[in-house]
Amino acid sequence: MLRRDFLGLICGATAWSHSARAQRSNPLGSLELTEPSGKPVHINIAQVTFVRSDTHISGANAELGLASGKSQGVRENVDEVMQLIMTLHRGEMSWIKLTEPNGKLIHINVSQVTTVRFEDRIPGANAELGFASGKLQGVRESVDDVMRLITVVAGQKGKSP
C-alpha cells in the first residue's frame, strides 16, 4: 500500500469517527439533538427526567422532561434518544418503561423520581410519579408494578426492562 493511500485511509476514518461522535454525544455527558426548528441542542443527560413521544410541541417527535421542570422537543424519535442515552451512560443511569394514561409509552429516569403514589385525580392513571423538578406524571401501571420495576432496575443499572 502506498503511503498516501494509507494516510488517506487513516485521515478519512478519523474524520468520520470524529464527525459521528460530534453529532450525537460528547464525553461530558450531553447529547446533541435537533430542536424542531432544525437547530442543534446540547442536553445534559443527568438532567433528563423522562422521554416520551406524546408531545404538544410543533415539529417534535419526542419530548424530554428536564430536572428544571421544563420540556424540550426534539426531532429525533424516542427510540433514537433512548439508544443514545443508554449508549452514552453505559449503566450509570436506570430507566423504566411505563404507560401514560393515553396509552403511549414513556421512559422514566428512576434517579429523578421522588414519589410514587396512588392516583385517582388523573383520568386513566393508576399511579402518579413525582419528579425532583416538582413535575408530576400519571401512569397506567399500579404503584406496586412501578415499585417492582424500580426494584428490578436498581439491581441492573443501565438496562431498560
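Lys 97 stands opposite His 107 in β8. These positions belong to a predicted model, where local features need pLDDT of at least 70, side-chain atom pairs count only at pLDDT 80 or more, and totals for chains, interfaces and linings use all residues. Residues are numbered from 1 along each chain as its sequence is written, and side-chain values use heavy atoms, with hydrogens and water left out.

β7 and β8 run antiparallel and are joined by 5 bridges. Two strands count as paired if DSSP finds at least two bridges between them. A strand is a DSSP run (E, at least two residues), numbered from the N terminus. β7 and β8 form a hairpin, with 5 residues between them. In the turn, Gly 103 has a positive phi of about 95°.

How much of β8 is buried? Of its 5 residues, 4 are buried (under 20% relative accessible area, 1.4 Å probe, protein chains only).

Other pairs in the sheet follow.

| Strand pair | Bridges | Direction |
|---|---|---|
| β4 (residues 48-52) and β8 | 3 bridges | antiparallel |
| β5 (residues 62-66) and β6 | 4 bridges | antiparallel |

Arg 52 stands opposite Ile 106 in β8. Ala 62 faces Val 74 in β6.

Now the whole sheet. It is open, with 5 strands in the order β6-β5-β4-β8-β7 and antiparallel pairing. β6 (71-74) and β7 (95-99) stand at the edges with a single partner strand each, so one side of each has no neighbour in the sheet. Strands of a sheet pair through backbone hydrogen bonds.

Methods:
Buried means under 20% relative accessible area, exposed over 50%, partly exposed in between (1.4 Å probe, protein chains only).
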